[in-house]
Amino acid sequence: MKVLIVGGGGREHAIAVSMKKSKRVDKIFCVPGNAGIAQIAECDSSIGVMEFDKIIAYGKEKEVDLVFVAPDDPLAAGLVDVLEAEGFRVFGPEKRAAILEASKAFSKDLMRKYHIPTAEYETFDDPEKALAYLEHSNMPIVLKADGLALGKGVLICNTLEEARAGVREIMQDKHFGSAGDVLVIEEFMTGPEVSVLAFVDGRTIKPMASAQDHKRAGDGDEGPNTGGMGNISPSPFYTEEVDAFCRKYIYQPTVDAMAAEGREFKGVIFFGLMLTPEGPKVLEYNARFGDPEAQVVLCRMKNDLLDVVDACIDGTLDKVELEFEEDAAVCVVLASEGYPVSYEKGYEITGLEQFEGKEDYYCFHAGSKLDSQGRVVTNGGRVLGVTARGKNLEEAREKAYAATEWVSFANKYMRHDIGKKIMP
């Protein structure tokens, strides 16, 4: 089969690496791709993920058998629907299902209606009403822009002053653009955060191995929120008891709720969970693989990814037994100094050849490209996801941090405490 992956980050590189392992995949294409993906796939960096007509034309030209739509923006905008209308076989939720991520107000209302555990909340489209509501709210409190904001549209406010400023930032100054037209104000929850990705075929849901993201830019969970500075899998907090609870009260009810609403979901649901003193609750949904969750979860999956994708599309996921290695994986993101606020790019990356032929080590490219001289250079805030597997989290962490020393670029930056909390 010929597979076309839409996207150009670390998540898409991890998907491409998994697809390449399939005995049924002959050729992988990717738009726009990046310098790492280009080593195993044919990329066209001139096509953006929101250029639907170009993606259709490219898919037809290359006669692809499957299109895997990976990022949130094209899913929310209906790329899957457009491709299906053109006769393509596509993996990913249609627009009416991708709203699970595209609108936080929708997902919160869905959880309330179907009694899926989540934080208490209210929704506002008028900043004055939001400000009035805050006057009688307990602090800290959480403000969320309704729409997609590159994973950064969430503000945790410790004081009333911070909360007022947050409302202005999101709703009036439009710091996150139209994503802030509607605001969700949510009670602040405490407890460990856990991420669980799950394959869905519209009716059946099969959770993958758990993971744990590190969102803040700096050590000790300081600094601004990012798209993720590192990840570990499995999460030591995700016990068998937690899993049983989530399957019964969160995972299956979410799939059933979407079907009941006439929004049958096929693809991957990302469950962002908070393990509160009252039990697990949903922080957020994503309608696709997380990044860098995909990097630590897919490398541990035993199944042929294409087989699972086919089952999701065909509605036969109940016949698939998902299997994961009994080991662990840790991903450390190498970013550009200054990310996520402002940073320079275009610096040459050296040492990438160190990963060649080394089992259990991966260097997933997130923000890289080939320059006019054919050199691999930095092309984003998050540049590389250095990932390693080990017999346990301690060993995987040690190996991942050792591997971060193999590569260099001018403004290389990373956190030094990914997974540290799990150390004895």
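Start at Pro292, in the loop between strand S16 (279-286) and helix H10 (293-298). Helices (H or I, at least four residues) and strands (E, at least two) are DSSP runs, numbered from the N terminus. A cis peptide bond joins Asp291 and Pro292, with omega about 20 degrees.

This is a predicted model: local features need pLDDT of at least 70, side-chain atom pairs count only at pLDDT 80 or more, and totals for chains, interfaces and linings use all residues. Residues are numbered from 1 along each chain as its sequence is written, and side-chain values use heavy atoms, leaving out hydrogens and water.

Select Val31 and Pro32. The peptide bond between them is cis, with omega near -10 degrees. Pro32 is found in strand S2.

Next, go to Asp221, in the loop between strand S12 (216-218) and strand S13 (222-225). Its phi is near 55 degrees, positive although the residue is not glycine. Most residues other than glycine have a negative phi, and most peptide bonds are trans.

**The open sheet**

Now select the 5 strands ordered S3-S2-S1-S4-S5. They form an open sheet with parallel pairing (two strands pair if DSSP finds at least two bridges between them). At the edges are strand S3 (42-43) and strand S5 (90-91), each pairing on one side only. Look at strand S1 (residues 2-7) beside strand S4 (residues 66-69): they run parallel, joined by 4 bridges. Pick Val3; its bridge partner in S4 is Leu66.

Contact means heavy atoms within 4.5 Å.

**A helix pair**

Move to helix H7 (residues 127-134) and helix H8 (residues 160-172). They pack at about 165 degrees, with axes 10 Å apart. Axes are lines fitted to C-alpha atoms, for helices over the stretch in contact, and angles run from 0 to 180 degrees between N-to-C directions. So H7 is roughly antiparallel to H8 (over 145 degrees). Show the contact residues: Pro127, Glu128, Ala130, Leu131 and Leu134 of H7, and Leu160, Ala163, Arg164, Val167, Met171 and Gln172 of H8.

**Zoom out**

The whole chain has 12 helices and 22 strands. Its C-alpha atoms fill a box of roughly 60 × 45 × 40 Å along the principal axes.

Definitions and conventions: Parallel < 35°, antiparallel > 145°, perpendicular 65-115°, else oblique.
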